Amino acid sequence: MQLCAGCHGPTGIGTTPLNPNLACQKKEYMVKQLQYYRNGARTTHQPMSNIARLISEEEVESISEWYSITGCL
């Protein structure tokens, strides 16, 4: 979560206008995007690819779950 919070904020609100919000995002979508970054299918942001390769599948699930339920009204 510390890796994510630097750009996406601890509550899922991006820390700059260029960083996307993750709060209330669908879990399945986030898991899939992180997998794409990990396996090289998504190459649009090299820092994100590097970070995605550092986290385990279990962490991908946990992070995606956390942001999917955080900040929802």
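How far does H4 reach from its first C-alpha to its last, and what span is expected at 1.5 Å a residue? The first point below takes this up.

1. Helix H4, which runs over residues 57-69, has 13 residues and spans 19 Å between its first and last C-alpha atoms.

2. Confidence in the prediction can be stated briefly. The mean pLDDT of the chain is 95, and 100% of the residues score at least 70. Within the chain, H1 has the lowest confidence, with a mean of 92, while H2 has the highest, at 97.

3. On H4, the buried residues are Val60, Ile63, Ser64, Tyr67 and Ser68. They sit on the same side of H4 because they cover an arc of only 130 degrees around the axis. Exposed residues Glu58 and Ile69 are on the face of H4 that is turned away from this buried side.

4. Helix H2 (27-39) also has 13 residues; from first C-alpha to last it reaches 18 Å, close to the expected 18 Å. Its buried residues are Met30, Val31, Gln33, Leu34 and Tyr37. Viewed down the axis of H2, these fall within an arc of 165 degrees, so they line one face of the helix. Glu28 and Asn39, on the other side of H2, are exposed.

5. The largest pocket has a volume of about 510 Å³. It is lined by 23 residues, of which His8, Pro20, Leu22, Tyr37 and Met48 are the closest to its centre. Tyr37 is also one of the buried residues of H2.

6. Which helices supply the lining of the largest pocket? H1 (2-8), H2 (27-39), H3 (46-54) and H4 (57-69) each supply at least two residues. The most come from H2, which gives five. Sorted by class, the lining has 15 nonpolar, seven polar and one charged residues.

7. Gln25 is in the loop between H1 and H2. Is Gln25 buried, exposed or partly exposed? Its relative accessibility is 28%, so Gln25 counts as partly exposed; the class lies between the cut-offs of under 20% for buried and over 50% for exposed. Gln25 and Glu65 are 40 residues apart along the chain, and their C-alpha atoms are separated by 9.3 Å.

Notes. Residues numbered from 1 in each chain as written. Predicted model: local features only at pLDDT ≥ 70, side-chain atom pairs only at ≥ 80, totals over all residues. Heavy atoms only, no water. 1 Å grid on protein atoms, 1.4 Å probe; cavity = no way out; pocket = protein on both sides within 12 Å on 5 of 7 lines; lining within 4 Å. Points joined across faces, edges and corners; volume = space filled by probe spheres on them. Helix = DSSP H or I, 4+ residues; strand = E, 2+ residues; numbered from the N terminus. Nonpolar A, V, L, I, M, F, W, Y, C, P; charged D, E, K, R; others polar. pLDDT = per-residue confidence, 0-100. Expected span 1.5 Å × (residues − 1). Buried < 20%, exposed > 50% of the residue type's maximum accessible area, 1.4 Å probe, protein only. Arc of directions from axis to C-beta.
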